[in-house]
Amino acid sequence: MTREEFLGSLLGVAALPLTACSQPTAPGGVTGQPTAPGDVSGQGEQGPTGPRLIPEPDPNPAAPEIQKTEAEWRALLSEAAYSVLFQGRTEPPGYSPLANEYGAGTYLCAACFLPLFDSTTKYDSATGWPSFWEPIATKRVAYSTDDSLGFPRTEYHCSRCGGHQGHVFTDGPPPTGLRYCNNGLSLDFVPQGQPIPALRN
Ligand SMILES: [Zn+2]
């Protein structure tokens with residue numbers, strides 16, 4: 001895969017379903033543009049103890065540490081997982097049992113097994129997608145801008161393999177105010193007490 005093809009797949013320029021990860025329905029039934037606090041552009045005023053801004057997309061993203069051919073990834077992943085992780089698609093809401101998983105444990109990138117989220121940061125966003133307010137470490141995920149729905153959203157992906165995870169919004173709970181809306185197909189859950197598999201190379 002060339003760099004251009006890889007970046008194209010990251011940005012989801014291939015056909016996207018209409019069920020792309022979006023805002024939960026507000027009490028008034030209004031969906032679409034994110035609302036307070038903050039905005040998706042990262043502009044606006046936030047105090048040092050207030051909600052965080054969505055991290056800015058990296059204008060010069062580094063090549064993923066793990067790079068496999070399409071055939072190599074397809075041999076390791078289900079067709080559905082491949083389409084989300086490496087073609088930027090979005091599973092339908094309520095599709096993944098991980099949306100309702102609240103046991104203690106660790107959520108790994110389903111492609112390369114990098115631990116991305118801890119269960120202590122998971123919460124019920126009522127969207128039908130697994131939702132978190134913070135990754136395990138800042139640099140576990142990287143960001144890019146996704147304009148595929150006609151307005152900018154911040155897409156995030158595994159920083160190690162580039163696998164698409166989801167989109168981040170500013171309507172999450174304290175302490176960050178962020179909502180990492182993740183595809184369940186992009187995650188593997190390892191319950192606490194069970195061994196976390198070695199990173200896939
Ligand atoms: Zn990964």
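My entries below go from the overall fold to single residues.

**Entry: the model and its layout.** I reminded myself that this is a predicted model. I looked up the secondary structure and found 3 helices and 9 strands in the chain. Reading from the N terminus, I noted the order α-α-α-β-β-β-β-β-β-β-β-β. Among contacts between residues at least 6 apart in sequence, 65% join residues at least 24 apart.

Entry: Which strands sit at the edges of the open sheet? I first wrote down its order, β3-β4-β8-β7-β6-β5, with 6 strands and antiparallel pairing. The edge strands are β3, residues 122-123, and β5, residues 141-146, and each of them pairs on one side only. As a reminder to myself, strands of a sheet pair through backbone hydrogen bonds, either parallel or antiparallel.

I picked out one pairing inside this order. Strand β4 covers residues 131-132 and strand β8 covers residues 179-182; 2 bridges join them, and they run antiparallel. Looking for a partner of F132, I found Y180 in β8.

**Entry: helix α3.** I went to residues 79-87, which make up helix α3, and asked what is buried there. My list reads A81, Y82, S83, V84, L85 and F86. Just after α3 comes G88, where I read a positive phi of about 70 degrees.

Entry: Most residues other than glycine have a negative phi, and most peptide bonds are trans. With that in mind, I searched for exceptions.

F113 is not a glycine, yet its phi is positive, about 70 degrees. I located F113 in the loop between β1 (105-109) and β2 (115-118). Is F113 buried or exposed? It is buried, because 20 other C-beta atoms lie within 10 Å, and 20 is where the cut-off for buried begins.

A126 is another residue other than glycine with a positive phi, here near 60 degrees. Its place is the loop between β3 and β4. I counted 11 C-beta neighbours inside 10 Å, so A126 counts as exposed; the cut-off for exposed is 12 or fewer.

The bond from P174 to P175 is cis, and I read omega near 5 degrees. P175 belongs to the loop between β7 (164-169) and β8.

Technical notes:
Residues are numbered from 1 along each chain as its sequence is written. This is a predicted model: local features need pLDDT of at least 70, side-chain atom pairs count only at pLDDT 80 or more; totals for chains, interfaces and linings use all residues. Helices (H or I, at least four residues) and strands (E, at least two) are DSSP runs, numbered from the N terminus. Two residues are in contact if their C-beta atoms, placed from the backbone, lie within 7 Å. Two strands pair if DSSP finds at least two bridges between them.
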